[in-house]
Amino acid sequence: MIRAAWQALVGGPLRSSPGRTLLAVLAIACGIALGFSVHLVNASAAAEFRRAALQLAGEADLVIRGPRQGFDEMLYPRIAGLPGIAIASPALEFQASRTAAAPALKIIGIDALRARELQPALFAGEALPAIDLFDPDNILLSAAAARAFGVSTGDRLDFLAGTETVRLRVAAILPDGAYRQPLGIMDIAAAQWRFGMTGTLHRIDVRVEPQADMLSVQRSLQTLLPAGVHVLSPDAENRRSAALTRAYRTNLDMLALIALFTGAFVVYSTQTLAILRRRMQISLLRALGVSRPAVLGLLLGEGAAIGAAGGLIGIAAGGLLAHQLLAASGVDLGAGYFRQMQANLHVEPVTLVFFLLLGVVFAVIGTLAPALEISGLPPAQGLRAGDPAGQTPGSRPLRYGLAAIAGAALLLWLPHPGELPLPGYAAIALLLLGSVLVLPPVAIGLLRALPLQLPMPHALGLARLIATPRHVAISMSSILVSFSLVVAMLLMIHSFRTSLDTWLHQVLPADIHVRAASSGETGYLTPAVQQRITELPGLQRVEFLRSVNLLLHPQRPAMTLIARDPGDGGFARTLPLVDTPPALPEGSPPAAWISELVADVLQLRPGDRLLLPLGEQPQAWIVAGIWRDYARQNGAIVIDRADYIRLTGDLRINDLAAWLAPGVTVEAAADGIRHAIGNGSALDIADTRDIRRLSLAIFDRTFAVTWALQIAALAIGLLGVGLAFSAQALARRQEFGMLRHLGMTRREIAVMLAGEGALSSAVGALCGMACGGVIGLLLIRVINRQSFHWSMDLAVPWLLLPLLFCSIVLCAALAARCTAVLATRSEMTRAVREDW
Amino acid sequence: MLLATLPALGLGRAQAAETPATAFAAVRPDYRISFPHDHGSHPEYRVEWWYVTGWLRSAGHPDRGFQITFFRARPRLTAGNPSRFNPEHVIIAHAAIADSRHGRLLHVQRAARQGFGLAGSETGNTRVWLDQWQLVRDGPRYRSVIAAPEMGLNLVMTPGQPPLLQGVQGYSRKGPGAESASHYYSIPHLRVAGELRAGGNVQAVTGEAWLDHEWSSSYLEPDAAGWDWMGINLADGGAVMAFRIRDRRGCTLWTGGAWRDAAGRTRNFRPEEVQLVPLRRWRSPRTGADYPVAFTVTAGPVEFSLEPLMDDQENDTRATTGAVYWEGAMRAYRQGREIGRGYLELTGYLRPLAI
């Protein structure tokens, strides 16, 4: 019996209309492929990140790490002599700026004799001949660095210390396995000397005695450490570096999941139509004694099979796509987090199973609603002739839909774990679901209410739309889902881009900006050079900036401290503040202006006190205001450079901004500055307009991947329309035959169908616009705020939205017309006889 | 007693002429060793070592050999580096226990640059240390601590005889060229008491040891490939040291040695008086090096045969000095009767010691 039922319900239809099943399979495959490839690339990047961090930590039990400017080296003997410490290996670790515009290289200065115990990878075989290291002219390169710079043993590499050139000889290239990332290794004494870092260290790797208690050692270490220096386990360090990109990776994963959601929606529409068409068979089987659970099981089994097939194809395609992406552009999906990183495709069996199951689950969910409904239908009613799609939808979906939307609103009040805006994403999913459920009654209400006076074929189409809400609902909700996703993303990206543009104008007010090096941390300008630049006649005004970094929170990456001149009207005028800053009480400590991320992470409001580890003792500062920062993803704090110099005595600067005297060109000013410095070839002097242009270009590249998602969503939406109309067309052959008998031409029927398509998609797109607007607001106000801690102003792409609206309506009309005509190419007139 | 190579530290590297580099004091025949000053470190020389070898007895265990070595090496550096990490001296320490039950050496090694109080050597009297490891002359006694997870030694060593100046008043030639030489004295018949830890097992030990202290700036002839060295505490209270420097073809390039008899009279050997004839060879399964591990020794009037405690006493210190050598506890026999105990060192058998 079950075999017969399988034959009737699954096997037969599959053979008779393989195209429909294929579409459903492909829709799921599309979503899975996108999700799987994005996930794979991200997971590979994260794994590579972890591997690199672990490789650097070697076999250390604990890592003591300070800020970028390092800590006093005398900490090293105190730590090495602490009871319970077996080995302490000191190191410098910095991004060495290159002369010319070459990318910076991470250099690690090690005491090879100490590191030997903790870095077996480095000393495997005879990978690191200590002979080459003591020579202060020598650097060892990892194979990746040698490849990146195109150098081999014996070649010279020029780096920058201040404005001086440091020329190093590539003494050896480490074997491929030693370190996978671009990296240079020097002797610690050589690195301190050549890069002007005498007396400082950046990290100390520690191995604890086997019998010592790790926690108590960690505690006694922490009491030795000055503020801003922390002791971490390599695992915790790892988590910290992963946290840096987790928000970005999660958001990409979520976007990919949305593609899967649309795929499930296609399954829903195809299965709904297919099940409606098989209503007779199903009712017959039920009448013959097949139980309701058996029917339900078969139908869901069919859905699961579609999901599994789609999942398999999707995994294969996604794996291939990820492989191509990695080969073509590395693990960086555009945001720049993983630039310069090489990675192997990292696939875990669990992930494979997960995505396969995801395909099955989404397909089963897509099948669930129609399967439940049809199997619940009394057989007698199901066997009766007539199209059940004509029935007015009950009030149940409406209630469920409203409940889902209310649930979405409630979810937004939930706290989000870490920086993962999961409630926000769940709210978006619920909102979409709710909108789909609410759509049919709303749409019919809308169509009825419209005072449309349409010419003949279209009036017929309109009547048909109003009368068969079930059919309409499916094509409309396809459009709703896909269009709302596109609108939401457009809204978010447009708002972000507009805000970024405004922000760039605010933070880059000067005519030219000069950096001591185009990348890396070892370039800086001395007070003498600053003096010479100030005296240049071509410059009207110059502002200097020193940036260092601070470890304020052991679980967070270092934050940037920017010490700069306040400029005209003070920071209250020159920083892109979120709110008007409150007046500070008389006698307050010096003012610190914190970025939104700092405010969120350290839970600070204007007026609060904040301890900064600057100078001898940590000093109290008052939070004067909160500003928007799109540039530094780990947080930034701005203080007056005068306060900074008073506390630290550090007179060096990294950047300067200059306003040109009237009539002076950027080129002339740049020449003047280079000349003032002497060795100015390494300076990065940029026209502010170029920086803005470049920043926006980087922004566009970052969001390039979302365009793929938008196009995929739109394609899936249009596919849904086409699918709905082709299925309808088959079901409506009798109706068409009747119309032909009544004298309508084929062309008129096609026009009528196109009109129906246009009308239904217009309604769907309108609702999608509303729903997408809300989702866009969620992305702007909730998701971005929670994952990246930056706010943006809402900006609506007024030109693009109507354009998109019109094109999708047009596409939908065409799709409706073409698919319907294709489906009914066989003689319509004869079809009238079918049911008699 | 030698291990001058330390190629890993770049001791032999010629530096470009334009950068002022480290200058080393030369070994001179007219240098007169004086104590206690010369017990201490000689930082102006390129390389220096304190080398203790001996035999240990303990209850319920066959006699074991031990070796503790502290090297001070001064790399040739570019002048002017103000960094406290500048490796002006590198301290290297090796220790090994030869246990016939274990079948091969239990050995540990460590190296660190001098500085920050964590590793260094003092002038004026013997004090050389690397983290917790140390060799210190405290009054007349030496105290040494080696503490590693695998093994540990905590020994007090008391001299029963005055130092034996090797060569001419402590000026010890290593080859035909007068500049290939070292300043060198030995203290034989040190009485040893203390503790030995192997694994988690601590045992009280007593025994007898031999200390060498040697410093130089130009040790080997360019053609030299390695050496065979022995220092034997004779049962009658006498002591004999003999060595041979081999060239790259395996032929004898130079020999030397000294014998102090039971009455305390010292006799230095002329080069042709020392003959070492290998009796038996052993090939290392780990490195493939082929060592002569037993000898017939003729040194002036002294004749004996030398047999190892066990064949496998190879010491792989490539991680710190770059050298693989054989350093083993030995018994000396005359007509089948044991007449003394000491140590044999064989270097340059895996590959020539590059200088």
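How many helices and strands are there in chain A?

## Model and overall make-up

Chain A has 29 helices and 20 strands. Both kinds of element are DSSP runs numbered from the N terminus: helices are H or I with at least four residues, strands are E with at least two. This is a predicted model, in which local features need pLDDT of at least 70 and side-chain atom pairs count only at pLDDT 80 or more, while totals for chains, interfaces and linings use all residues. Residues are numbered from 1 along each chain as its sequence is written, and chains are lettered from A and ligands numbered from 1 in the order in which they are written.

Chain A runs to 836 residues, and 49% of them count as buried. Buried means that 20 or more other C-beta atoms, placed from the backbone, lie within 10 Å of the residue's own. Contacts are pairs whose C-beta atoms, placed from the backbone, lie within 7 Å. Among contacts in chain A between residues at least 6 apart in sequence, 85% join residues at least 24 apart.

## Domains of chain A

Chain A splits into domain 1 (62–232), domain 2 (400–406 + 424–509 + 686–836) and domain 3 (517–682). These bounds come from an automatic or database domain assignment. The C-alpha centres of domain 1 and domain 2 of chain A are 56 Å apart.

## Where the chains meet

Chain B gives 23 residues to the contact, and chain A gives 18. On the chain B side, strand 4 (residues 105–113) supplies the largest share, three residues. That side of chain B has 14 nonpolar, six polar and three charged residues. Here Ala, Val, Leu, Ile, Met, Phe, Trp, Tyr, Cys and Pro are nonpolar, Asp, Glu, Lys and Arg are charged, and the others, Gly among them, are polar.

## Nonpolar cores

A nonpolar core is a set of buried Ala, Val, Leu, Ile, Met, Phe, Trp, Tyr and Cys residues joined through C-beta atoms within 7 Å. The largest has 177 residues, and A:Ile79 and B:Ile91 touch the most other members. Strand 3 (residues 90–98) of chain B provides its largest share, eight residues. Domain 1 (62–232) and domain 3 (517–682) of chain A both contribute residues, so this core lies between them. Another core, of 131 residues, lies apart from it and includes A:Ala363, A:Ala404, A:Leu485 and A:Leu719.

## Helix 11 of chain A

Helix 11 (residues 279–287) of chain A has A:Ile282, A:Ser283, A:Leu285 and A:Arg286 buried. Down the helix axis, the buried residues of helix 11 fall within an arc of 160°, so they line one face. The arc is taken from the directions from the helix axis to the C-beta atoms. Just after helix 11, A:Gly289 takes a positive phi of about 115°.

Definitions and conventions: Two residues are in contact if their C-beta atoms, placed from the backbone, lie within 7 Å. A residue is buried if 20 or more other C-beta atoms lie within 10 Å of its own, exposed if 12 or fewer, and partly exposed in between; C-beta atoms are placed from the backbone.
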